[in-house]
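Welcome! Please take a moment with the sequence and the picture before reading on.

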Amino acid sequence: MAPNARGQVSEARSRLLATATRIFYAEGLHSVGIDRVVAEAKVTRATLYRHFPSKDDLVVAYLQGVHEMERDGIDKVIAGGLPAVDAVRGIAGVIADGIGSPHFRGCAFLNAVAEYPDPAHPVHQAVLAHRDWFRNTVTDLLAQVGETPPEPAGRHFVMLRDGAMAAGCLGDPAEVCATFLQGVDGILQHRLDAAGN
């Protein structure tokens, strides 16, 4: 976020971003127009365009905000100093908690990439950057569990998460979360078994 001359983020920018985040996540990106965001944030169009030169810039800022929120949650788990096995389970628990929350509507990033399929588009690029960070974070933890190359396990974790995010919108979230957590335990056990633990 760009600070003003006093080092503070503009209140109007924060309000715009909070409004866009709420509506974009609940209703989708293409279906929500700028006029709606401006009206609900109680700002002028000129104010919106001063902070976000285009709707794409607003969408990218929304995704960056979601990324920061998810990163903060995962960083808290990692900063807890747990053994890697428990940290991976902790990250899975954070994901499961999100799926079980009352306003869950899937993964903001998977939802966004479905609406912006062009790999060169800035929104698509923001999704890929988030996914690279997430996969690398999980893979780094899995490297501390067992001795086989961690990359396949990291990809497996991400695919389980993606499936849980989609299934969480379609079925019983409790059942989906239990299946997801069981799958993560399977990844960890496989790595431990391969190391003879």
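## The chain as a whole

Among the contacts in the protein chain with a separation of 6 or more, 67% are between residues 24 or more positions apart; contact here means heavy atoms within 4.5 Å. This is a predicted model, in which local features need pLDDT of at least 70 and side-chain atom pairs count only at pLDDT 80 or more, while totals for chains, interfaces and linings use all residues. Residues are numbered from 1 along each chain as its sequence is written, and side-chain values use heavy atoms, with hydrogens and water left out.

The protein chain has nine helices and zero strands, giving the pattern α-α-α-α-α-α-α-α-α along the sequence. Helices (H or I, at least four residues) and strands (E, at least two) are DSSP runs, numbered from the N terminus. The C-alpha trace spans about 65 × 40 × 30 Å along its principal axes. Of the 197 residues, 41% are buried, where buried means under 20% relative accessible area, exposed over 50%, and partly exposed in between (1.4 Å probe, protein chains only).

## The nonpolar core

In soluble globular proteins, nonpolar side chains tend to be buried together. A nonpolar core is a set of buried Ala, Val, Leu, Ile, Met, Phe, Trp, Tyr and Cys residues joined through side-chain atoms within 4.5 Å. The largest one here has 60 residues, and those touching the most other members are Phe24, Leu58, Leu63, Phe134 and Phe157. At least two residues of this core come from each of helix H1 (11–27), helix H2 (34–41), helix H4 (55–79), helix H5 (84–99), helix H6 (108–115), helix H7 (122–142), helix H8 (151–167) and helix H9 (173–194).

Not counting residues up to four places away in sequence, Leu58 touches Leu17, Ala20, Phe24, Ile34, Val37, Leu48 and Phe52. One of these, Leu17, sits in helix H1 and counts as buried because its relative accessibility is 11%. The C-alpha atoms of Leu17 and Leu48 are 9.7 Å from each other, although the two residues are 31 apart along the chain.

## How H1 meets H4

Two packed helices are described by the angle between their axes and the distance between the axes. For H1 and H4, the angle is about 80° and the axes are 9 Å apart. Axes are lines fitted to C-alpha atoms, for helices over the stretch in contact, and angles run from 0 to 180 degrees between N-to-C directions. H1 is therefore roughly perpendicular to H4; angles of 65 to 115 degrees count as roughly perpendicular, under 35 as roughly parallel, over 145 as roughly antiparallel and the rest as oblique.

On the H1 side, the contact uses Arg13, Leu17, Ala20, Thr21, Phe24 and Tyr25, and H4 brings Lys55, Leu58, Val59, Ala61 and Tyr62. Sorted by class, the contact has eight nonpolar, one polar and two charged residues. In this sorting, Ala, Val, Leu, Ile, Met, Phe, Trp, Tyr, Cys and Pro are nonpolar, Asp, Glu, Lys and Arg are charged, and the others, Gly among them, are polar.

## Helices with a buried side

Which residues of H2 are buried? They are Ile34, Val37, Val38 and Ala41. These residues lie on the same side of H2, because they cover an arc of only 95° around the axis; the arc is that of the directions from the helix axis to the C-beta atoms. They pack against H1, H3 and H4.

H6 has Ala108, Phe109 and Ala112 as its buried residues. Seen down the axis of H6, they fall within an arc of 90°, so they line one face of the helix. Their cover includes H1, H4 and H7.

## Three residues to look up

Lys42 is not a glycine, yet it has a positive phi of about 60°. With a relative accessible area of 69%, Lys42 is exposed.

His121 lies in the loop between H6 and H7 and is buried, at a relative accessible area of 16%. Setting aside residues up to four places away in sequence, His121 touches Asp56 and Tyr116. Val138, in helix H7, is buried at 2% relative accessibility. With residues up to four places away in sequence left out, Val138 touches Gly154 and Phe157.
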